[in-house]
Amino acid sequence: MIAILIVALAAGAASALMFASISSGALISLLLYFLAPLPLMVSALAWGPLAAAIGGVAAATVLGAIFGLPYCIAFAMMVALPGWWLGHLALLGRPIAGAAGDSIAQQPPALEWYPVGRILLWVAAFAIITTTAALLTLGSDADTITGTLRRGLLKVLSAGEGLPSGEIERLVDMLVILAPLAATILAMVTLTLSLWLAGKIAQTSGRLNRPWPDFRTTALPAMTLVALSVAVAVSFVGGMLALLAQIVTAALVIAYALVGFAVLHTLTLSLTNRGFWLGGVYAVVVMFGWPIVAMFALGIADAVFGLRQRYLQTRPPPLPVA
């Protein structure tokens with residue numbers, strides 16, 4: 001218990017420092033800020049969710065005492081809660097019905113682990129909550145939020161030189177629309193990346209208390225497609241409801257894009273230069289960004305037409321090992 005307490009406090013301190021580094025204004029602090037849940041996730045996966053909970057509560061309390069209650073609440077919502085809950089879900093398993101362990105070898109029964117697709121939905125939920133909470137600090141309705149964003153962006157961009165006022169106005173109008181969507185996408189990507197990195201760190205240290213999941217089987221629940229369709233429709237009604245629907249749409253689009261990568265990993269199993277092609281796709285997406293639309297389309301196509309299932313049914317079985 002003492003070891004867990006030490007690990008928990010160390011993870012909480014690391015997360016708090018990464019979260020508070022944003023106040024320095026350095027460019028690297030932005031990356032540290034968004035990866036702040038990583039230490040808590042590592043502690044959750046390697047030492048159990050209790051360690052993440054202790055570290056998160058301790059860090060939030062210290063930040064609240066130093067910087068005030070808003071910092072405490074922000075850290076709890078954006079870092080501590082996702083770090084603890086996602087780590088808890090990743091370790092959540094139940095015995096498979098009908099499966100029995102080897103009593104002679106003293107092996108426990110096989111476990112069915114919490115589906116990766118559902119964890120991805122929880123990541124989307126946290127991205128939606130944190131983005132919405134950040135916007136609500138700017139105002140309680142869509143006009144106030146967009147007005148505050150517009151004034152802030154105008155102040156920042158007008159400080160520079162070389163752009164005519166007309167171009168600045170048009171740029172600000174575009175950024176006001178894109179800012180909530182970009183914040184949601186960034187939260188989705190960084191939370192997913194943090195959980196993956198935490199799993200790799202725990203696995204490398206030999207403390208990951210579950211087998212490494214097969215990400216190629218990642219699939220979202222069927223009702224997610226219905227939720228995405230409703231969110232897209234509501235995005236056009238206007239007002240605060242439309243703004244919230246756009247945030248939900250952005251989060252689910254990235255969730256389906258991540259599923260699209262899982263589909264791609266399955267459909268390329270028979271390629272001889274598979275690593276080269278997959279690496280090229282990842283490089284193009286990271287460099288240009290917009291090709292993520294193709295991954296989203298692939299994820300949607302798999303949800304509707306079952307591309308992976310059809311491919312695996314037509315693929316010849318592997319040759320038996322001699």
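**Salt bridges in a predicted model**

Trainee: Which residue forms a salt bridge with arginine 94, and how far apart are the closest N and O atoms?

Mentor: Keep in mind that this is a predicted model. Arginine 94 pairs up with glutamate 112. The link joins distant parts of the chain, since arginine 94 sits in strand β1 (residues 93–95) and glutamate 112 in strand β2 (residues 111–113), 18 residues apart. The closest N and O atoms of the pair are 3.2 Å apart.

Trainee: Is arginine 94 buried or exposed?

Mentor: The cut-off for exposed is over 50% relative accessible area. Arginine 94 comes in at 54%, so it counts as exposed.

Trainee: OK, and which helices hold aspartate 173 and arginine 150?

Mentor: These two form a salt bridge, with the closest N and O atoms 2.1 Å apart. The pair ties together parts that are 23 residues apart in sequence, because aspartate 173 lies in helix α8 (residues 165–204) and arginine 150 in helix α7 (residues 142–158).

Trainee: What does arginine 150 count as, with a relative accessible area of 25%?

Mentor: Buried would need under 20%, and exposed over 50%. At 25%, arginine 150 falls in between, so call it partly exposed.

Trainee: Which residue forms a salt bridge with aspartate 214?

Mentor: Aspartate 214 is itself partly exposed, at 37%. The closest N and O atoms are 3.2 Å apart, and the partner is arginine 216.

Trainee: Which residues do salt bridges with shared partners join into one network?

Mentor: A search of the whole structure turns up 5 salt bridges. Through shared partners, salt bridges build one network from Arg150, Glu169 and Asp173.

How values were computed. Residues numbered from 1 in each chain as written. Predicted model: local features only at pLDDT ≥ 70, side-chain atom pairs only at ≥ 80, totals over all residues. Heavy atoms only, no water. Salt bridge = Lys/Arg side-chain N within 4 Å of Asp/Glu carboxyl O. Helix = DSSP H or I, 4+ residues; strand = E, 2+ residues; numbered from the N terminus. Buried < 20%, exposed > 50% of the residue type's maximum accessible area, 1.4 Å probe, protein only.
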